[in-house]
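This briefing goes through one protein model, topic by topic. Please keep the sequence and the structure in view while reading.

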Amino acid sequence: MASVTRAVFGDLPSGAGTVEKFQLQSDLLKVDIISWGCTITALEVKDRQGRASDVVLGFAELEGEVAPVQGTAFDLRKPVELGKHLQEFRINGFDHNFCLKGSKEKHFCARVCHAGSGRVLEVYTTQPGVQFYTGSFLDGTLQGKRGAVYPKHSGFCLETQNWPDAVNQPHFPPVLLRPGEEYDHTTWFKFSVA
């Protein structure tokens, strides 16, 4: 059974409007989304034992070049254990846009497995890219929900998007939205347990 509830989340400064919170809940997950920027503020999914836990989300930006990933630290086309992968390649983490095969139709983007809980996340999108951020700037000073402290690499984000700096790069997928055009992209998060 699925349900949607709506409530006031807060007011914007200077009387600029009210922010609402929508909660979507099913037997598999619960997600809170606020109307300010369509921001996900909480996301709970179940593990192997059926216990629901909040999944930490975040975002970042980074510009760069289009380059092949084969044989580099950025080659994540096959499963890797992320912590070992970062150590093996001696990198501080990821905060990069990964260019996906161009399509305006729903296409596979990423798959993440958490060995401890058995949770699996698959991401599908109509966007041409995904920003992958591994919490490299977390330092333990940020306090989150229920007093949780987030040290470096304690979370990650997968943010579907257009390619950074696309407005200035004619060979990148088009990004400009002209008067009368409609912005229409969708991202799907599919949760399961392995």
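**Core, sheets and aromatic groups**

Cys 109, Val 123, Val 130 and Leu 158 touch the most other members of the largest nonpolar core, which has 16 residues. A nonpolar core here is a set of buried Ala, Val, Leu, Ile, Met, Phe, Trp, Tyr and Cys residues joined through side-chain atoms within 4.5 Å. At least two residues of this core come from each of β3 (29–34), β4 (39–46), β7 (107–113), β8 (119–125) and β9 (129–133). The model is predicted: local features need pLDDT of at least 70, side-chain atom pairs count only at pLDDT 80 or more, and totals for chains, interfaces and linings use all residues. Residues are numbered from 1 along each chain as its sequence is written, and side-chain values use heavy atoms, with hydrogens and water left out.

**Terms for burial and strands**

- Buried means under 20% relative accessible area, exposed means over 50%, and partly exposed is in between (1.4 Å probe, protein chains only).
- Strands (E, at least two residues) are DSSP runs, numbered from the N terminus.
- Two strands pair if DSSP finds at least two bridges between them.

**Contacts of Cys 109**

- Apart from its neighbours within four places in sequence, Cys 109 is in contact (heavy atoms within 4.5 Å) with Leu 100, Val 123, Tyr 124, Thr 125, Val 130 and Thr 160.

**The five-stranded sheet**

- Five strands form an open sheet in the order β1-β2-β3-β4-β5, and their pairing is antiparallel.
- β1 (3–11) and β5 (52–54) are at the edges with a single partner strand each, so one side of each has no neighbour in the sheet.
- From one strand to the next, the twist averages 15°, with axes taken as lines fitted to C-alpha atoms and angles running from 0 to 180 degrees between N-to-C directions.
- β4 and β5 run antiparallel and are joined by three bridges; Val 45 has Ser 53 in β5 as its bridge partner.

- β9 is largely enclosed by the rest of the structure, because five of its five residues are buried.
- Gly 129, Gln 131 and Tyr 133 point one way from β9, while Val 130 and Phe 132 point the other way.
- β9 pairs with β6 (residues 95–99) in the antiparallel sense over five bridges, and Gly 129 in β9 stands opposite Cys 99.
- β9 is also joined to β10 by five bridges, again antiparallel, with Gly 129 opposite Gln 161 in β10.

**The loop between β9 and β10**

- Tyr 150 is in the loop between β9 and β10 (157–161), and counts as buried at 14% relative accessibility.
- Tyr 150 lies 6.3 Å from Leu 138, C-alpha to C-alpha, although the two are twelve residues apart in sequence.

**Aromatic rings**

- Rings of Phe, Tyr and Trp (its six-membered ring) pair if their centres lie within 6.5 Å; planes under 30 degrees apart count as stacked, over 60 as edge-to-face and the rest as tilted.
- The count by this rule is nine aromatic pairs.
- Phe 132 and Phe 156 make an edge-to-face pair, because their ring centres are 6.4 Å apart and their planes are at 65°.
- Phe 132 is in strand β9 and Phe 156 in the loop between β9 and β10, 24 residues apart, and the pair links distant parts of the chain.
- Phe 132 is buried at a relative accessible area of 9%, whereas Phe 156 is partly exposed at 31% relative accessibility.
- One aromatic cluster consists of Phe 74, Phe 94, Phe 98, Phe 132 and Phe 156.

**Lys 106 over two rings**

- A charge sits over a ring if NZ of Lys or CZ of Arg is within 6 Å of the ring centre and within 35 degrees of the ring normal.
- Lys 106 lies over the face of Tyr 124 at 5.2 Å from the ring centre, and over the face of Trp 188 at 4.8 Å from the ring centre.

How values were computed. Helices (H or I, at least four residues) and strands (E, at least two) are DSSP runs, numbered from the N terminus.
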